[in-house]
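I took one topic at a time.

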Amino acid sequence: MESPPPKFALPVDSEHKATEFRLFSVAAPHMRAFHLSWVSFFACFVSSFAAAPLVPVIRDNLNLTSTDIGNAGIASVSGAVFARVAMGSACDLFGPRLASASLILLTAPAVFCSSIASSPTSFLLVRFFTGFSLATFVSTQFWMSSMFSAPVVGTANGVAGGWGNLGGGATQLIMPLVFGVIRDIGAVKFTAWRIAFFIPALFQTLSAFAVLIFGQDMPDGNFHGLKKSGEKAKDKFSWVFYYGFTNYRGWILALTYGYCFGVELAVDNIIAEYFYDRFNLNLSTAGIIAASFGLANLFSRPGGGILSDIVAKRFGMRGRLWTLWVVQTLGGVFCIILGQVGSLSGSIIVMVAFSVFVQAACGLTFGVVPFVSRRSLGVVSGMTGGGGNVGAVVTQLIFFRGSKYSKQTGITLMGIMIICCTLPLFLIYFPQWGGMFCGPSKKANATEAEYYLSEWKSNEKEKGFHQASLKFSENSVSERGGKVDSVTRPSDETSPANV
């Protein structure tokens, strides 16, 4: 029996997803899930990049060469490649609450262990295992896509992702500060950096318990309870995985995300050292400048998500794709310029412009991702998120490992790579909405329902497993955009709504 409708603080659609995004509300379940997801993701980001601003001290203590530092940077983002894909599947099967809290608790010991690293190898290993926690990004985006409706999903994904990524900038300020305080209390330099790691480790652990205690997977309850009561079908992992992996749109978005988010991760690892060495700055000044790159996430990535939703109201999915391409390509242009600028003030200005565009592109990417697949949302989110980490690993391996290229040459070449790797967006096409250069298919069956129900076999439909996809398809008609809203296609009247 259905409970009475007004049980949510926010207006909702037929799937009980919120149709409004109220940033300063903590109303359960929608806005509470939002705040829990970004805070826990923020904590993981702080931990994963806690070592970066302290590298000038750690390298003296552990006798690290520039290759050791490069390898540790690569290790910190490579662990999450596999973890993100696995996290997507875990979200589809167990729900974002359990999946994210488990991973955060499993990686917290690695952060505590950073304080006992005693060699280049042990330093690399703790950074590698700590980096697994960055996969909480996937649960963050999955959770937001489960809680917020099509018109605001880009905004919810953008703000949650952006404020989480903020940890990458915040840690550049927090860690030198914590280190300074501990050293002033009386610890020697080489002990102070070790004690400093207890702060991010503790923060990360507490955030996991908050998610477990206060979070809820879906608007109507947790996965376990919904499956028990029969409201949510027990899905087969093999099919969820199959429909995610065989959707070519997910692979293209994984590549382009590798060159917005991946680049952001690579820069998080090198930027403090770049300013420290190139302009002879002291540790805290280099940290503050480096932090401004990550801190732009406060508004740039959310701005990308909001822009995606605004453009979609008028131009639908095609607008989302065009805006993503333009913004990410401009990010590449600023990246090329950053490598060429020789003055400190010029470098800072260009770096901030570069960070705004490259982070807005991340928000725009996850304005598209929720529409690629309904059944395999987690897998597609995981593939795209994993692509971000692959991009970071490849970029650091090619341009920032050892001394083959100077940092400035590496940054310029990275910009060229961003522009090239964004071009495949031209190939993304949705039969019901079109692509960047073509309109929607003229076939009578090119509808939202047809697209999302094609992920279910007829025997599964007989059992009613496809109901959530059906509701989602009705709620995503808005992706046709304002221009085509007035023209109903003949297929609409015969939409298979009652399959």
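**Entry 1: Phe 275 and the cores**

I began with Phe 275. I left aside its neighbours within four places in sequence. Phe 275 is then in contact with Asn 280, Leu 281, Ala 286, Ile 289, Leu 344, Ser 347, Ile 348 and Met 351. I reminded myself that this is a predicted model.

Next I looked up the core around this residue. Phe 275 is among the residues with the most contacts inside the largest nonpolar core. Leu 253, Val 263, Leu 265, Phe 354, Phe 371 and Met 414 are listed with it. That core has 80 residues. Which helix gives the largest share of this core? I found helix α16, residues 344–368, with ten residues.

I then noted another core, which lies apart from the largest one. This other core has 24 residues, including Leu 36, Phe 148, Ala 160 and Trp 163.

**Entry 2: Aromatic rings**

How many aromatic pairs does the structure hold? I noted 44. I picked out two of them.

Phe 34 and Trp 163 form a tilted pair. Their centres are 6.3 Å apart, and the planes make 55 degrees. The pair links distant parts of the chain. Phe 34 sits in helix α1 and Trp 163 in helix α7 (residues 150–185), and 129 residues separate them.

Trp 163 also pairs with Trp 38. This pair is edge-to-face, at 5.2 Å centre to centre and 80 degrees between the planes. Trp 38 belongs to helix α1 and Trp 163 to helix α7, 125 residues apart.

Phe 34 has 0%, so Phe 34 is buried. Trp 163 has 15%, so Trp 163 is buried too. Trp 38 has 18%, so Trp 38 also counts as buried.

Phe 21, Phe 34, Trp 38, Phe 42, Phe 148, Trp 163 and Phe 203 form one aromatic cluster.

**Entry 3: Cavities**

A search of the whole structure finds three cavities of 30 Å³ or more.

The largest cavity holds about 60 Å³ of space. Its lining includes Ser 47, Ala 51, Phe 123, Arg 127 and Trp 193. α1 (30–48) and α5 (120–131) each supply at least two lining residues. Which of the elements gives the largest share? It is α5, with four residues. By class, I noted five nonpolar, four polar and one charged residue.

The second largest cavity has about 40 Å³. Among its lining residues are Ser 37, Ser 100, Thr 136, Trp 143 and Val 211. α1 supplies at least two residues here as well, and so does α6 (136–147). α6 gives the most, with four residues. The lining has two nonpolar, six polar and no charged residues.

**Entry 4: A pocket**

My last stop was the second largest pocket. I noted a volume of about 300 Å³. What lines this pocket? I found 26 residues, of which Ile 69, Asn 269, Ile 270, Glu 273 and Lys 407 lie nearest its centre. The elements giving two or more residues to this lining include α3 (66–94), α13 (261–278) and α17 (377–399). By class, the lining has 15 nonpolar, eight polar and three charged residues.

Terms used: Residues numbered from 1 in each chain as written. Predicted model: local features only at pLDDT ≥ 70, side-chain atom pairs only at ≥ 80, totals over all residues. Heavy atoms only, no water. 1 Å grid on protein atoms, 1.4 Å probe; cavity = no way out; pocket = protein on both sides within 12 Å on 5 of 7 lines; lining within 4 Å. Points joined across faces, edges and corners; volume = space filled by probe spheres on them. Nonpolar A, V, L, I, M, F, W, Y, C, P; charged D, E, K, R; others polar. Core = buried A, V, L, I, M, F, W, Y, C linked by side-chain atoms within 4.5 Å. Buried < 20%, exposed > 50% of the residue type's maximum accessible area, 1.4 Å probe, protein only. Contact = heavy atoms within 4.5 Å. Phe/Tyr/Trp six-rings, centres within 6.5 Å; stacked < 30°, edge-to-face > 60°.
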